[in-house]
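Please read them alongside the sequence and the coordinates.

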Amino acid sequence: MGKYDVPANIDFVRAHTGVDKVIYLGHSQGTMQFWIANILNDDLGSKLEGMVGFAPIMYLGNQTSVFVNTLFGLKLDKIWMKLGNDKLLFLKNGYNWFDSLVCKVAPTFVNFVPRTVWTFVQTIVGIDKKSHMNPRFMPMMAKNDVGGTGMWNIEHYRQLVFSDKFLTPDRPGMPAPTEYDISKLKENLKDVKIQFFVGSKDAFSPPGDVERLVAALPEGNVAVQPIDDYNHLDYMWAKDVGDFVSPVLNDFVDNL
């Protein structure tokens with residue numbers, strides 16, 4: 001996605017809007033794709049006016065996800081793949097009878113026990129001291145939000161967690177993994193202003209890893225907005241984003 005999709009999407013938007021430069025907003029892996037795209041495409045930065053990263057990720061050596069650490073610690077991902085499964089927690093309505101059934105009943109189930117479901121979700125994304133989630137949002141999230149991923153994507157995350165490096169994927173039929181040349185980002189993004197939002201309870205974007213990421217980017221171009229007690233999903237779904245996210249985001253865009 002970093003090599004092909006991000007550049008294609010940016011060119012598509014520019015072609016259909018007539019603007020010379022666009023603002024890229026990415027969350028989590030969407031920020032990782034952005035770094036890869038700008039490492040592999042030296043001219044991409046010239047098409048960008050700014051970048052907003054919610055829970056920005058490059059390194060994952062300090063991630064604290066209870067779910068992910070359990071998954072990797074017990075090698076459940078390896079077992080799952082040996083059983084012939086190529087996806088995890090991914091459900092698509094119409095894909096098969098099971099997926100269709102779950103997609104149909106999930107919003108109703110979540111409506112009955114939203115706090116229980118959110119507690120489980122937090123074992124994946126980070127556990128807040130107090131919930132910022134409006135339980136009434138949960139059924140709509142269950143029906144519309146993206147969920148799950150391919151197992152090779154999980155395996156790439158395993159690489160990043162245990163190597164504590166920003167590596168190309170280790171997959172059959174591909175060259176041996178190497179570190180991405182992050183030194184290119186200082187030059188390729190020298191004219192791009194960047195705004196980060198980083199939650200103190202974010203399991204995948206902890207302060208130490210974010211500091212390493214900022215150090216890889218052009219000096220003086222990056223502003224970091226810390227948000228106390230936000231986990232990996234709160235940036236989009238918390239009931240108080242209007243207090244902690246929107247004002248900073250609007251100011252950043254207005255001042256580009």
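1. Helix H13 (residues 246–254) lies across E1, strand E2 (48–54), E5 and E6. Its direction is at about 175° to that of E5. Note that this is a predicted model, and the points below should be read as such.

2. The sheet under discussion is open and has four strands in the order E1-E2-E5-E6, with parallel pairing. Strand E1 (22–27) and strand E6 (222–227) are the edge strands, each pairing on one side only. Between neighbouring strands of this sheet the average turn is 15°, direction ignored.

3. Strand E5 (residues 193–199) pairs with E6 in the parallel sense, over six bridges. Within this pairing, Val 198 has Pro 226 in E6 as its bridge partner.

4. Which residues does Gly 53 contact beyond its neighbours within four places in sequence? They are Gly 26, Thr 31, Gln 195, Phe 196 and Phe 197. Gly 53 belongs to strand E2, and it counts as buried because its relative accessibility is 0%. The C-alpha atoms of Gly 53 and Ser 28 are 7.6 Å apart, while the two residues are 25 residues apart in sequence.

5. Thr 31 sits in helix H2 (residues 29–40). Is Thr 31 buried or exposed? Its relative accessibility is 0%, so Thr 31 counts as buried. Leaving out residues up to four places away in sequence, Thr 31 touches Gly 26, Met 51, Gly 53, Phe 54, Ala 55, Pro 56 and Ile 57.

6. On the surface, Leu 74, Leu 76, Ile 79, Trp 80 and Leu 83 form a nonpolar patch, with about 500 Å² of accessible area together. One of these residues, Trp 80, is in helix H4 (residues 76–82). With a relative accessible area of 34%, Trp 80 is partly exposed, since the value falls between 20% and 50%.

7. The salt bridge count comes to eleven. Side chains of opposite charge can pair when their charged atoms come close. One example joins Arg 158 and Glu 155, whose closest N and O atoms are 3.9 Å apart. Both residues lie in helix H8 (residues 151–163), three residues apart, or about one turn of the helix. Arg 158 is buried, at a relative accessible area of 14%, and Glu 155 is buried as well, at 7%. Both are classed as buried because the cut-off is under 20%.

8. A salt bridge also forms between the side chains of Asp 164 and Arg 212, at 3.0 Å from N to O. This pair links distant parts of the chain, 48 residues apart: Asp 164 is in the loop between H8 and helix H9 (184–188), and Arg 212 is in helix H10 (residues 207–215). Asp 164 is partly exposed, with a relative accessible area of 29%; Arg 212 is partly exposed too, at 33%.

9. Which residues do salt bridges with shared partners join into one network? They are Asp 11, Arg 14, Asp 20, Asp 43 and Lys 47. Within this group, the side chains of Asp 20 and Arg 14 meet in a salt bridge at 3.7 Å, N to O. Asp 20 is exposed, with a relative accessible area of 54%, whereas Arg 14 counts as partly exposed at 21%.

Definitions and conventions: Residues numbered from 1 in each chain as written. Predicted model: local features only at pLDDT ≥ 70, side-chain atom pairs only at ≥ 80, totals over all residues. Heavy atoms only, no water. Helix = DSSP H or I, 4+ residues; strand = E, 2+ residues; numbered from the N terminus. Buried < 20%, exposed > 50% of the residue type's maximum accessible area, 1.4 Å probe, protein only. Contact = heavy atoms within 4.5 Å. Patch = residues over 30% accessible without salt bridge, like charges linked within 9 Å, V, L, I, M, F, W, Y side chains within 5 Å. Areas by Shrake-Rupley, 256 points an atom, 1.4 Å probe, with all protein chains shown as cover. Salt bridge = Lys/Arg side-chain N within 4 Å of Asp/Glu carboxyl O. Pairing = 2+ DSSP bridges. Axes fitted to C-alpha atoms, helices over the stretch in contact; angles between N-to-C directions.
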